[in-house]
Amino acid sequence: MRFLCLIYTSVDVDGRLTQSEMNHLIAEHFVYDESLRQDGRLIVSDALELRDKSIVIRPQGDTFSVTDGPFVETKEHLAGFYLIDAPDLDSATDIAKHIPSARYGAIEIRPVRILTLRGDLAEKR
């Protein structure tokens, strides 16, 4: 079963860690990634750019509005993710607890839904 582990960190973490501390954290992620990869539990992981580099699109009639974003009132932001393979939520939770950035924020664990077409739509594919 696939689980998405969303890494949320405090907005001030990015400015609070020294370059040396940040390098150490990144190195820890590389080591952890490799251990999960060797066990066959890691599908993909990556860090995200800071939120000031993102945009948000929203439907606006027949078009879309595009704004700098996100403009959500929060002190945390989505910093990265792990897409993992685990037999159940308990196993996914154990994996997520060891993600190095978990020490600096929160990890949201969300089961991935595998969407399939059923009935007439599936036959047309």
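E28 is partly exposed, with a relative accessibility of 24%. In this predicted model, the side chain of E28 forms a salt bridge with that of R103, at 2.7 Å from N to O. Because E28 belongs to helix α2 (residues 19-38) and R103 to the loop between α3 (89-97) and β6 (105-111), the pair ties together parts that lie 75 residues apart in sequence. Helix α2 also contributes to the largest pocket, giving the most to its lining with six residues.

**Salt bridges**

- Across the whole structure, a search finds four salt bridges.
- One of them joins the side chains of R41 and D39, with an N to O distance of 2.9 Å.
- R41 is partly exposed, at 28% relative accessible area.
- Another salt bridge links the side chains of R110 and E108, with 2.4 Å from N to O.
- R110 is partly exposed at 45% relative accessibility, and E108 is partly exposed with a relative accessible area of 25%.

**Largest pocket**

- The volume of the largest pocket is about 490 Å³.
- Its lining comprises 21 residues, and those nearest the centre of the pocket are I26, H29, A47, A79 and S101.
- At least two lining residues come from each of β1 (2-10), α1 (13-16), α2, β2 (42-47) and β5 (76-85).
- Classified by residue type, the lining of the largest pocket consists of twelve nonpolar, six polar and three charged residues.

Terms used: Residues are numbered from 1 along each chain as its sequence is written. This is a predicted model: local features need pLDDT of at least 70, side-chain atom pairs count only at pLDDT 80 or more; totals for chains, interfaces and linings use all residues. Side-chain values use heavy atoms; hydrogens and water are left out. Helices (H or I, at least four residues) and strands (E, at least two) are DSSP runs, numbered from the N terminus. Buried means under 20% relative accessible area, exposed over 50%, partly exposed in between (1.4 Å probe, protein chains only). On a 1 Å grid over the protein atoms alone, a cavity is a set of points where a 1.4 Å probe fits but cannot get out, and a pocket is an open set with protein on both sides within 12 Å along at least five of seven lines; lining residues have an atom within 4 Å of a point. Grid points are joined across faces, edges and corners, and a volume is the space filled by probe spheres set on the points. Ala, Val, Leu, Ile, Met, Phe, Trp, Tyr, Cys and Pro count as nonpolar, Asp, Glu, Lys and Arg as charged, and the others, Gly among them, as polar.
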